[in-house]
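Have a look at the structure first, then read on.

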Amino acid sequence: MTNIIKVETPEQIADTAELAREIWTKHYIPIVGQALVDYMLENFQSEHAIESQLTAGYEYYLIIQNNENAGYIALVPNPEANELMISKLYVSKSVRGQGLGQTMLQFAEDICRERGLTTLWLTVNKNNAGSIKWYIRSGFRNAESIVQDIGNGFVMDDYRMEKTVV
């Protein structure tokens with residue numbers, strides 16, 4: 001059985017940060033290196049960072065499969081621009097290939113429709129070839145290249161991927 005629950009409690013925040021550490025360590029070190037992964041985890045995926053993001057209007061959701069935390073998604077609605085950003089969408093390596101990413105993506109699309117938003121977008125590292133292919137298969141298009149300074153000498157070298165939701 002698979003459920004998606006809104007992250008609201010300190011325990012759910014801690015579970016999300018723990019998942020982030022597990023997923024980022026396994027997936028991103030070969031793509032962007034240990035130093036950037038450590039920086040990203042501390043500044044964008046730690047319990048403190050998640051709490052700050054929730055206060056700023058981010059919405060986090062855990063996906064639970066067979067009573068185990070299997071992944072998470074973070075969404076940032078922007079009604080003025082008629083869009084919803086997927087800030088984070090991650091699935092544990094042990095359960096990849098079971099449709100959980102598609103389940104979370106469908107969840108985000110449903111939120112777009114419920115709120116009358118028509119653009120779903122995200123950024124993805126240019127070297128994350130597998131994820132880029134997955135997003136394209138899921139109906140996204142590469143809208144632009146973005147290089148963004150994130151502090152401490154690090155930059156994010158990403159593509160902005162967009163999908164129209166009707």
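Tyrosine 90 is buried, at a relative accessible area of 12%; buried here means under 20% relative accessible area, exposed over 50% and partly exposed in between, using a 1.4 Å probe and protein chains only. Keep in mind that this is a predicted model, where local features need pLDDT of at least 70 and side-chain atom pairs count only at pLDDT 80 or more, while totals for chains, interfaces and linings use all residues. Residues are numbered from 1 along each chain as its sequence is written, and side-chain values use heavy atoms, with hydrogens and water left out.

| Residue | Relative accessibility | Class |
|---|---|---|
| Tryptophan 24 | 4% | buried |
| Alanine 17 | 12% | buried |

Now for the rings. The whole structure holds 10 aromatic pairs, counted when rings of Phe, Tyr and Trp (its six-membered ring) have centres within 6.5 Å; planes under 30 degrees apart are stacked, over 60 edge-to-face and the rest tilted. Tryptophan 24 and tyrosine 90 make an edge-to-face pair, because their ring centres are 5.9 Å apart and their planes stand at 65°. Tryptophan 24 belongs to helix H1 (residues 10–27) and tyrosine 90 to strand E4 (residues 83–91), so the pair ties together parts 66 residues apart in sequence. Helices (H or I, at least four residues) and strands (E, at least two) are DSSP runs, numbered from the N terminus. Ring pairs also link Trp24, Tyr28, Tyr60, Tyr72 and Tyr90 into a cluster.

What about H1 and its helix partner? The axes of H1 and helix H4 (residues 47–55) come within 9 Å and cross at roughly 120°; axes are lines fitted to C-alpha atoms, for helices over the stretch in contact, with angles from 0 to 180 degrees between N-to-C directions. That makes H1 oblique to H4, given that under 35 degrees is roughly parallel, over 145 roughly antiparallel, 65 to 115 roughly perpendicular and the rest oblique. Ile13, Ala14, Thr16 and Ala17 of H1 meet Glu47, Ile50, Glu51 and Leu54 of H4, where contact means heavy atoms within 4.5 Å.

Alanine 17 sits in helix H1. Beyond its neighbours within four places in sequence, alanine 17 touches Gln45, Ser46, Glu47 and Ile50. Its C-alpha is 9.1 Å from that of histidine 48, 31 residues away in sequence.
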